[in-house]
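Biologist: I am new to this structure, and I would like to learn how its features get their labels. Could you take me through a few of them?

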Amino acid sequence: MPLFRPALRVLGGGALAGVLALTACAPGDNSTSSAPTASSPSAVSTDISALGDVELVVWDQEVRGSQNEALEALNAAFEDTYPNVTIKRTSQATDDLKQQVTLALGGTDVPDIVQVNNARGDMGQFVSAGQLTDLTGYAEAYGWTDRFTDSVLSKVRYSSDATTFGDGNLYGLPQTGEIVGIFYSQSKLHALGLEAPTSWDEYLTALDTAMEAGEQPMVLGNLDKWPALHVFGPLQSNFVVADDIVALGMGNAGSTWLDDGNTAAMEQFETWGSEGYFGSSPNGTDYDAAWTAFTKGTGVFLPGGSWLATDMEAVMGDDLHFITLAGLDGQVVTTGGTGIPFSIPAKAENPDVAAAYLDFITSDEAMKMIADNGGMPVNDTAELAPADGVQNDIFTAFATVSETGTLLPYLDYATPTFSDTAGQGLQEVLGGQRSAQQVLEAFEDDYSAFVGS
């Protein structure tokens, strides 16, 4: 899950940028020789009924209507399945939970299950400090590597010292998915004599056609800086191969922001800003005001995330559609991820029951229950897609990208400070305060300082 997310987002919304004030050393500070080793259970039991009476303490942030209803129903079903287990649930807003988890994981009064953002500034820090359970043994026992795609599981994998993100041990399981793509108005395209773009070349041509016709090609509300990442991330895939974006986005060593591909992507973004492809004042426009304006007829395309669909569809109906495009290497790639994963603290009192709970709330039946309640399940997404409408577009796109393409990480995953660096840089290149090259050099400085190269 990205650190950048608006309060209305379907999946765990409200987690905003910010670096946790942890005492653990950062994953990229080259102190791996002394880093604690993450906890891994020495034995795994899946016979939950034989464990006697258990109170399972769950901390989550699924406070919104459909999310809360789905989890409540799953908790009741779990207790029916295991009458010896009573769930003690504490649900609170994302930011409140983050603060509580940061304090709790270093102490002794820890929950058995807790939702932890998968970014380096959150999950990475906890893994580095040895505060989360390595779920690899449970994954083998329950078959989670068969249930989840590699692209999804990569978002919850770290090396035991957290220097590598995207590979290694497993530290959480998500229930839901999300994806960034491009919304468009079918009626606007029809009026311009255009078909829905199926490639980046067609998309760029459609933008030019819209501009020449006097339409605003794209809508962006970048007042809070983070929305521009949801434009630049997918755009980057048209110029940089997916593997290199993943390495950069996860803060792993071996890549660079100063190559020809990233330069071309940033220069394209700079051109869009200087030539008014987002209108006259994207940096002065609020995020919610931007998508609201789109639903009322401003612009032809809106780069944005799947969490906007429900509210926009309520206004635009069948006129609203959603696409993702193939990247430089031909596979469908775009920025995306998972809802906030559920993890087991290293000091959890009941890790075996907690693992059974993780298995239960991510089962095939759970996926259907999440879809029935209006969420987008992370697995079986295409099978559970609505019959039509923009949600069908989104469910299908997520299934395609997660199963056959690559879910590119949100760029703020990269380092504990990259949310600020990226947000500031993209806002300034969009507004003409800094050049594309200057912003890329700032990105490179942040990235290099973290990976130690």
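Modeller: Gladly, and please keep in mind that this is a predicted model. Let us start with Phe183, which stands opposite Leu302 in β7.

Biologist: What makes β6 and β7 a pair of strands?

Modeller: Pairing takes at least two bridges. Strand β6 (residues 177-185) and β7 are joined by five bridges, so they count as paired, and they run antiparallel.

Biologist: And why is strand β7 called mostly covered?

Modeller: Strand β7 spans residues 301-305, and five of its five residues are buried. Phe301, Pro303 and Gly305 point one way, while Leu302 and Gly304 point the other way. In a regular strand, side chains alternate between the two faces of the sheet.

Biologist: Which strands form the open sheet, and what makes two of them edge strands?

Modeller: The open sheet has four strands in the order β2-β1-β3-β10, with mixed pairing. β2 (85-91) and β10 (342-343) each have a single partner strand, so one side of each is left without a neighbour in the sheet.

Biologist: How do you know that β1 and β3 are paired?

Modeller: Two bridges join strand β1 (residues 54-60) to strand β3 (residues 113-115), and at least two are needed, so they qualify. These two strands run parallel, and Val58 stands opposite Ile113 in β3. Helix α2 (residues 94-104) lies across β1 and β3, at about 130° to β1.

Biologist: Let us turn to the rings. How many aromatic pairs are there, and why is the one between Phe78 and Phe360 called edge-to-face?

Modeller: The structure holds 19 aromatic pairs. For Phe78 and Phe360 the distance is 5.3 Å centre to centre, with 80° between the planes. Phe78 lies in helix α1 (residues 65-81) and Phe360 in helix α14 (residues 351-361), so the pair ties together parts that are 282 residues apart in sequence. Phe78 is buried, and so is Phe360.

Biologist: What makes Phe232 and Phe269 an edge-to-face pair?

Modeller: Their ring centres are 6.1 Å apart and their planes stand at 85°, so the pair is edge-to-face. Phe232 lies in helix α9 (residues 229-236) and Phe269 in helix α11 (residues 260-274), so this pair ties together parts that are 37 residues apart in sequence. Phe232 and Phe269 are both buried.

Biologist: Which residues form one aromatic cluster with Phe232?

Modeller: The cluster is made of Phe232, Trp257, Phe269, Trp272, Phe278, Phe418 and Phe443.

Biologist: How do you know whether Phe443 is buried or exposed?

Modeller: Phe443 has 1% relative accessibility, and buried means under 20%, so Phe443 counts as buried. Phe443 is found in helix α18 (residues 436-451).

Biologist: Which residues does Phe443 touch?

Modeller: Leaving aside residues up to four places away in sequence, Phe443 touches Trp257, Met266, Phe418, Thr421, Ala422, Gly425 and Leu426. As for Thr136, 307 residues away along the chain, its C-alpha atom is separated from that of Phe443 by 33 Å.

Key: Residues are numbered from 1 along each chain as its sequence is written. This is a predicted model: local features need pLDDT of at least 70, side-chain atom pairs count only at pLDDT 80 or more; totals for chains, interfaces and linings use all residues. Side-chain values use heavy atoms; hydrogens and water are left out. Contact means heavy atoms within 4.5 Å. Axes are lines fitted to C-alpha atoms, for helices over the stretch in contact, and angles run from 0 to 180 degrees between N-to-C directions. Rings of Phe, Tyr and Trp (its six-membered ring) pair if their centres lie within 6.5 Å; planes under 30 degrees apart count as stacked, over 60 as edge-to-face and the rest as tilted. Buried means under 20% relative accessible area, exposed over 50%, partly exposed in between (1.4 Å probe, protein chains only).
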